[in-house]
Amino acid sequence: MPDCTIAYVLSQAAGKLLDSKTSRLDAELLLCSILKKPRSYLFTWPEQLLTETQILSFQQLIEQRQQGIPVAYLTGSQDFWSLQLQVNDSVLIPRPETELLVERALACNIPDNAIVADLGTGSGAIALALAREKPLWKIWAVDKSAAALDTARHNAQCNNIHTVQFLEGSWCHPLIGQKLHMIVSNPPYICNNDHHLREGDVRFEPKIALASGHDGLNDIRLITQQASRQLLPEGWLLVEHGFDQHQSVQSLFQEQGFTHIMTYQDIAGLDRVTTGSKTTVSTSL
């Protein structure tokens with residue numbers, strides 16, 4: 001049996017993860033979590049011998065990855081924006097395309113001491129990224145999952161962010177009576193019967209954070225309705241959605257009186273975030 005060097009075990013592991021489009025990267029991230037080293041260490045010391053304990057731990061992670069369990073759940077962490085976040089099976093894994101939502105929120109013309117809500121905060125990724133860039137904003141992070149909020153609070157502490165307040169509840173309900181300059185949300189937007197819910201990493205993520213009715217728009221409908229009465233005049237609503245939903249989402253914005261409606265493309269060139277400004281004071285539903 002050849003010496004179990006970093007280079008050797010990575011090559012062997014990548015060959016076992018052929019169902020993954022990122023087999024080599026998956027193996028590298030899993031080994032880094034065992035070694036508690038950055039990826040650069042793997043390239044700098046490819047001939048480093050691993051201990052038996054390290055090899056066994058790595059093999060166990062590879063076997064779990066073969067079953068489809070996401071790398072982020074196996075390592076317990078995921079990078080987002082300038083943050084390292086704890087993730088677990090109570091929260092959606094933050095994705096690079098969601099950073100577009102943060103970028104567009106930061107581009108909005110709102111006061112330096114704005115009051116902002118992140119609805120369905122999950123791991124806290126969006127709220128914490130905004131707080132990192134805008135420490136004077138008062139940010140409410142809302143989620144109906146107590147377990148998700150525990151994860152988000154932990155992430156705030158680990159990233160030394162203390163300007164985010166966490167509220168348990170559904171969408172805007174915990175914020176009734178609170179007027180906001182901006183609402184951001186990455187809500188569930190997949191159709192209930194979409195086959196993707198039964199494929200790949202998504203199988204292991206909380207369905208409550210993914211699926212939203214027969215057309216995937218149930219939660220976005222609620223958010224646009226509630227936002228129309230929570231936002232201050234000229235306040236902004238920003239919502240992430242599916243690549244083929246921008247026309248429907250724009251219509252929902254229009255129905256609730258939003259103007260200056262725009263849809264922006266993610267890093268893959270797909271329609272991903274729609275924004276709109278509330279320029280009139282709405283009546284309660």
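Residues are numbered from 1 along each chain as its sequence is written. In this predicted model local features need pLDDT of at least 70 and side-chain atom pairs pLDDT 80 or more, while totals for chains, interfaces and linings use all residues, and side-chain values use heavy atoms, without hydrogens and water.

Q: How many Å separate the centres of domain 1 and domain 2?
A: The domain assignment, with bounds from an automatic or database source, gives domain 1 as 6-68 and domain 2 as 78-278. Taken over C-alpha atoms, their centres are separated by 33 Å.

Q: What is the strand content of residues 10-76?
A: UniProt, in an unreviewed entry, lists residues 10-76 as "domain: Release factor glutamine methyltransferase N-terminal"; such annotations may be inferred rather than shown by experiment, feature names are shortened, and positions follow the numbering used here. The end C-alpha atoms of this span lie 20 Å apart. Helices (H or I, at least four residues) and strands (E, at least two) are DSSP runs, numbered from the N terminus. The span is 69% helix, and its strand content is 0%.

Q: How far apart are the end C-alpha atoms of residues 109-192?
A: UniProt places "domain: Methyltransferase small" at residues 109-192, again in an unreviewed entry. The span is 26% helix and 26% strand, and its end C-alpha atoms lie apart by 36 Å.

Q: Which are the edge strands of the open sheet?
A: Seven strands form the sheet in the order β5-β4-β3-β6-β7-β9-β8, with mixed pairing. Two strands pair if DSSP finds at least two bridges between them. The edge strands pair on one side only, and they are β5 (164-168) and β8 (258-265).

Q: Which residue of β9 is the bridge partner of Val239?
A: β7 pairs in the parallel sense with β6 (residues 180-185) over five bridges, with Leu180 bridged to Leu231 of β7. Six bridges join β7 to β9 (residues 271-278), and these two strands run antiparallel. In β9, the partner of Val239 is Thr274.

Q: Is Glu234 buried or exposed?
A: Glu234 is in strand β7 (residues 231-240), where seven of ten residues are buried. Its phi is near 70 degrees, a positive value in a residue other than glycine. Buried means under 20% relative accessible area, exposed over 50% and partly exposed in between (1.4 Å probe, protein chains only). With a relative accessible area of 58%, Glu234 is exposed.

Q: What is the phi of Lys36?
A: Lys36 is in the loop between α2 (23-35) and α3 (39-44), and its relative accessibility is 72%, so the residue counts as exposed. Most residues other than glycine have a negative phi. Lys36 is not a glycine, yet its phi is positive, at about 55 degrees.

Q: Why is the Phe253 and Phe258 pair classed as tilted?
A: The structure holds one aromatic pair. Rings of Phe, Tyr and Trp (its six-membered ring) pair if their centres lie within 6.5 Å; planes under 30 degrees apart are stacked, over 60 edge-to-face and the rest tilted. The centres of Phe253 and Phe258 are 5.3 Å apart and their planes stand at 50 degrees, so the pair is tilted.

Q: Which residue lies over the face of Phe258?
A: A charge sits over a ring if NZ of Lys or CZ of Arg is within 6 Å of the ring centre and within 35 degrees of the ring normal. The charged end of Arg104 sits over the ring of Tyr264, 4.0 Å from its centre. Over the face of Phe258, at 5.4 Å from the ring centre, lies Lys278.
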